[in-house]
Amino acid sequence: MRIPFRLVDVFTDRPLAGNQLCVIPGPVDLDDLQRQAIAAEIGFSETTFVTSADGNRYSMRIFTPAKELPFAGHPTLGTAFVLVSEGRIQTPATQSIPAGDVEVEVDVQAGFARMRQFEPRFGPFVGDREKVARAATLSEDDLHPDLRPRAVWTGLNQLIVPLRDSEAVVRARADPEVLWPLLAEADTDTYYLFAVTGDDTAKARMFGSDVGIAEDPATGSAAGPLGAYLVEQGVMRPGLITVSQGAEIGRPSTLFVDVGSGAGGWSVHVGGGVSKVGEGAFDLPL
């Protein structure tokens, strides 16, 4: 069976930066074991499998090298960009995934895509600062003196970890023996550490557990919770927040988070650049 694919880089304005994505624009008759095997073969943080596409709606599944995800950030933007640029769907579009429906807008000429994430849910604060610091091979002094780590959800649960400064973000190194049990306790797969670098800017990194990657270069599903966290804690005002990520692993990325809060509830939008890198096909005896 021949299975066409597209390669795009997301949260960047140029190829060979940002977060890599493999899109199977399909639909292709595959079972979940086959989808998982293809995602492991390509080895990117995520691979998407479009199951239907028509008009201004499409459905898809998202697989990391190790497991399926109900929602993810750069797969949403990258897949929508591919489908719109190839005339398979119109923009704005509604993406249907296991987590629910997501609104996505694509500007092909500008090389940009933007999504509205789910309304934030704020989980409990994590009290064991020493364990949180050790999970990133840091000391308690490297943690922010006033802000506390907390789980936040806008589609995927994320442990948001505030650090004192960007230098601590650069020095951080995941310690799996501490990190993985900590994430299990927080009911998440992701440790998203950050430092505020300006009035509306932050620097972040993501360490994972059982998703099949050690560090993600750009995490849209965590940037949304980070923006909500910063506004909810009063660190930043509602509006546009720019998050830098990925430089430490050679994939510099820029994520734009637009957070609104008021009587009508929360709104969290995440966007970024998308660049096409290549295309090809798997030839598999399926």
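Author: The model is predicted, and local features need pLDDT of at least 70, side-chain atom pairs count only at pLDDT 80 or more, while totals for chains, interfaces and linings use all residues. Residues are numbered from 1 along each chain as its sequence is written, and side-chain values use heavy atoms, with hydrogens and water left out.

Reader: Which residues is Thr76 in contact with, leaving aside its neighbours within four places in sequence?

Author: Contact means heavy atoms within 4.5 Å. With those neighbours left aside, Thr76 is in contact with Tyr58, Met60, Phe71, Gln95, Val102, Val104 and Met115. As for Gly43, 33 residues from Thr76 along the chain, the two C-alpha atoms are separated by 18 Å.

Reader: What makes Pro225 buried or exposed?

Author: Pro225 has 0% relative accessibility, so Pro225 counts as buried. The residue is placed in helix H6. Leaving aside neighbours within four places in sequence, the contacts of Pro225 are Gln117, Val152, Trp153, Thr154, Leu156, Gln158 and Ile160. Tyr192 is 33 residues from Pro225 in sequence and 9.5 Å from it in space, C-alpha to C-alpha.

Reader: How do you know what the 13 residues of H6 should span?

Author: The expected span of a helix is 1.5 Å times one less than its number of residues. For the 13 residues of H6 this gives 18 Å, and the end C-alpha atoms of H6 are 18 Å apart, which agrees.

Reader: What makes H6 mostly covered?

Author: Of the 13 residues of H6, 12 are buried. Among them are Gly220, Ser221, Ala222, Tyr229, Leu230 and Val231. H6 is followed by Gly234, whose phi is positive, near 80°.

Reader: Which residues of helix H5 are buried?

Author: In H5 (residues 176–185) the buried residues are Val178, Leu179, Leu182 and Leu183. Seen down the axis of H5, these fall within an arc of 120°, so they line one face of the helix. The arc is that of the directions from the helix axis to the C-beta atoms. An α-helix has 3.6 residues a turn, so residues three or four places apart point the same way. On the face of H5 turned away from its buried side are the exposed residues Glu177, Ala184 and Glu185. The cover over the buried residues of H5 includes helix H3 (129–135), E11, strand E12 (190–198) and strand E13 (201–208).

Reader: What is the phi of Thr137?

Author: Phi of Thr137 is near 55°, a positive value in a residue other than glycine. Thr137 is found in the loop between H3 and strand E10 (150–153). With a relative accessible area of 49%, Thr137 is partly exposed.

Reader: What is the peptide bond from Gly26 to Pro27, cis or trans?

Author: Omega is near 0° for that bond between Gly26 and Pro27, and the bond is cis. Pro27 lies in the loop between strand E2 (19–24) and helix H1 (32–42). Thr91 and Pro92 are also joined by a cis peptide bond, with omega about 0°. Pro92 is in the loop between H2 and strand E6 (93–97).

Reader: How many residues line the largest pocket?

Author: The lining has 26 residues, of which Leu69, Leu156, Gln158, Thr190 and Ser221 lie nearest the centre of the pocket. H2 gives the most to this lining, with three residues. Strand E5 (68–69), helix H2 (73–85), strand E11 (157–162) and helix H6 (220–232) each supply at least two.

How values were computed
1 Å grid on protein atoms, 1.4 Å probe; cavity = no way out; pocket = protein on both sides within 12 Å on 5 of 7 lines; lining within 4 Å. Helix = DSSP H or I, 4+ residues; strand = E, 2+ residues; numbered from the N terminus. Buried < 20%, exposed > 50% of the residue type's maximum accessible area, 1.4 Å probe, protein only.
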